[in-house]
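Keep the 3D view open as you read.

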Amino acid sequence: MSEELKDQFSDAVGNMFDDDEIDLAFEEFEKRSDSDGEINKKDFLEVFGLLFEDPDDENAFQILQNHVLLDAIFKYCDTDSNLSIDIDEFVKGVTTLFEGEGDNFIKFSFGVYDVDNTNTISKENLLNSLKVFLATAISGLIAQADEEGGNVDALTEARTNVLEGDLANECLGGIIDGIFGQVQINDDGVITYEAFYAAFNEDDDLFSWGTLTGDAMQHLEDKLG
């Protein structure tokens, strides 16, 4: 495996990941790769997780426990759509994600919400994606409450209601309506990639899952008192 690629990766994301974790991830990638130098989705996600020194850290937890985000990361990195990742795709994809800017990051961000691969985003798409972000944030609070003797049962019930009940719509419905009110939609009432791209360039916070989840958590806290 090319040391040059690893050095390129370290230069790009070394401020976010330690050298030891980067070395471990690259070593594990090489061990798991097939004769074509590729790994499947399961192995990719496990190798990706090795980059995080502490998977229980709040920021790492919000990434590694969020299947919508992980699916989008794999889909973005798999540039040839063959359901496997080679080391070039790994380096270029993960680097783009953690740089957090540019056209490629906009493409990735769109993919987070375009969960059914229609190249459009509906209100339902946005709701289904964001409720997973909200549920993952609640899971973080559950872990914290469990350590500190907090009200785990109430938080667990809230998470269930977000995923299976009406709580997600109550917390996110107004936020989503606000987004659709600011972005040009087509005749089918959905957001195309072109409209998403234009809106993201004008205000990248509009589709920021961190910001949107934080707003939804505020609504949730108001409801739970």
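## A glycine between two helices

Gly14 is partly exposed, with a relative accessible area of 33%. You'll find Gly14 in the loop between helix H1 (3-13) and H2. Bear in mind as you look around that this is a predicted model.

Now hop along the chain from Gly14 to Lys41, which is 27 residues apart from it. The C-alpha atoms of Gly14 and Lys41 are separated by 24 Å.

Helix H3 covers residues 41-49. Which residues of H3 are buried? They are Asp43, Phe44, Val47, Phe48 and Gly49. Here's a handy bit of background: an α-helix has 3.6 residues a turn, so residues three or four places apart point the same way.

## Two residues with positive phi

Most residues other than glycine have a negative phi. With that in mind, check out Ser81, where phi is near 55 degrees, a positive value in a residue that isn't glycine. Ser81 sits in the loop between H5 and E2. Is Ser81 buried or exposed? Its relative accessible area is 60%, so Ser81 is exposed.

Asn117 is another non-glycine residue with a positive phi, this one near 60 degrees. Look for Asn117 in the loop between helix H7 (103-113) and strand E3 (120-121). Asn117 counts as exposed because its relative accessibility is 53%, and the cut-off for exposed is over 50%.

## Where H10 meets H12

Further along, helix H10 (residues 167-182) and helix H12 (residues 209-224) cross, with their axes coming within 9 Å. The crossing angle is roughly 135 degrees, which means H10 is oblique to H12. As for handedness, the crossing of H10 and H12 is right-handed.

Who makes the contact? From H10 it's Leu167, Glu170, Cys171, Leu172, Ile175 and Ile179. H12 brings Leu212, Asp215, Ala216, His219, Leu220 and Lys223. Sorted by class, the contact of H10 with H12 has 8 nonpolar, 1 polar and 3 charged residues.

Note on methods. Residues are numbered from 1 along each chain as its sequence is written. This is a predicted model: local features need pLDDT of at least 70, side-chain atom pairs count only at pLDDT 80 or more; totals for chains, interfaces and linings use all residues. Side-chain values use heavy atoms; hydrogens and water are left out. Axes are lines fitted to C-alpha atoms, for helices over the stretch in contact, and angles run from 0 to 180 degrees between N-to-C directions. Helices (H or I, at least four residues) and strands (E, at least two) are DSSP runs, numbered from the N terminus. Angles under 35 degrees count as roughly parallel, over 145 as roughly antiparallel, 65 to 115 as roughly perpendicular and the rest as oblique. A crossing is left-handed if the near helix is turned anticlockwise from the far one by less than a right angle, and right-handed if clockwise. Contact means heavy atoms within 4.5 Å. Ala, Val, Leu, Ile, Met, Phe, Trp, Tyr, Cys and Pro count as nonpolar, Asp, Glu, Lys and Arg as charged, and the others, Gly among them, as polar. Buried means under 20% relative accessible area, exposed over 50%, partly exposed in between (1.4 Å probe, protein chains only).
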